[in-house]
Amino acid sequence: NMKGLSFQKTKEVDYDETNNLLKNAQKIIFMCGGTVNKVLVDDKGATIIAVFGVPPTSHIDDPARAVSAASMLKTNFPKDMTCSVGVTTGYTFCGTVGRSDFGSDNSLSQYRLRQEYAVMGDVVNLSARLMCASKTDILVDQSTHTAARNFEYEQLAPLTLKGKSQPITVFKLNMAHLLK
């Protein structure tokens, strides 16, 4: 999640700066073996949904690749903007949602239906919740912490998050250790 770009009517939006920021983020994600699923822009800034391990480009170390991409994004992010990241590991649905045809029912044939590639599931929602909770850090769940051991983390107090009945064990990536 990238915050700090103003999309309010009272301030001119620098579309070139926004586009360059998103292009650089895409390059980092692709370089680490991930793919960009969605880019969302609203009044709070821009959000990139990046996924790792989606067929056919899955790797045994995808959780570490995701954490690496997150740290590179954070390191290369403009200092006058905030960047919050949530990284989770687990199984999701990934594939096309929506329909491109109506089958034998032609009563709706005059309408065009929308289809898109999506990732959905509990870990996707958890990643979004961690991103919102982090404010300016990179937060990871227990599964990512276990799978991406080559990084240094600080365990935080368990977080109570929307949609979760129990508090979630969360770790903050130690960026100071990476910058040494």
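Analyst: Start with Glu 154, which is partly exposed, with a relative accessible area of 41%. The words have cut-offs: buried means under 20% relative accessible area, exposed means over 50%, and partly exposed lies in between (1.4 Å probe, protein chains only).

Keep the source in mind. This is a predicted model, in which local features need pLDDT of at least 70, side-chain atom pairs count only at pLDDT 80 or more, and totals for chains, interfaces and linings use all residues. Residues are numbered from 1 along each chain as its sequence is written, and side-chain values use heavy atoms, with hydrogens and water left out.

What does the side chain of Glu 154 meet in a salt bridge? Its partner is Lys 172, at 4.0 Å from N to O. This pair links distant parts of the chain: Glu 154 is in strand 9, Lys 172 is in strand 10, and they are 18 residues apart. Strands here are DSSP runs of E with at least two residues; helices are runs of H or I with at least four; both are numbered from the N terminus. Lys 172 is partly exposed, at 24% relative accessible area.

A salt bridge needs a side-chain nitrogen of Lys or Arg within 4 Å of a carboxyl oxygen of Asp or Glu. By this rule the count comes to 4 salt bridges.

Lys 164 pairs with Asp 122, and their closest N and O atoms are 2.5 Å apart. Asp 122 lies in helix 3 (residues 122-134) and Lys 164 in the loop between strand 9 (153-155) and strand 10, so the pair ties together parts that are 42 residues apart in sequence. Asp 122 is partly exposed at 45%. Lys 164 is partly exposed at 24%.

One more bridge joins Asp 61 and Arg 65, at 2.8 Å from N to O. Asp 61 has 34% relative accessibility and counts as partly exposed. Arg 65 is partly exposed at 24%.

Now go inside. The largest nonpolar core has 29 residues. Such a core is a set of buried Ala, Val, Leu, Ile, Met, Phe, Trp, Tyr and Cys residues joined through side-chain atoms within 4.5 Å. Those with the most contacts inside this core include Val 67, Ile 138, Tyr 153 and Leu 173. Strand 10 (170-173) is among the elements that each supply at least two core residues, and helix 1, strand 3 (45-51), strand 5 (85-87) and strand 8 (138-141) are others. The largest share, 6 residues, comes from helix 2. In soluble globular proteins, nonpolar side chains tend to be buried together.

Val 85 shows how strands approach each other. It is found in strand 5. At 11% relative accessibility, Val 85 counts as buried. The C-alpha atoms of Val 85 and Ile 138 are separated by 4.7 Å, although 53 residues apart along the chain.

Move on to Met 120, in strand 7 (residues 115-120). Met 120 is partly exposed at 41%.

Two spots in the backbone deserve a look. Most residues other than glycine have a negative phi, and most peptide bonds are trans. Lys 135 is not a glycine, yet has a positive phi of about 65 degrees. Lys 135 sits in the loop between helix 3 and strand 8. At 55% relative accessibility, Lys 135 counts as exposed. The peptide bond from Pro 55 to Pro 56 is cis, with omega near 10 degrees. Pro 56 has its place in the loop between strand 3 and helix 2.

Back to Glu 154, then. Its side chain meets Lys 172 in a salt bridge, and the pair spans strand 9 and strand 10.
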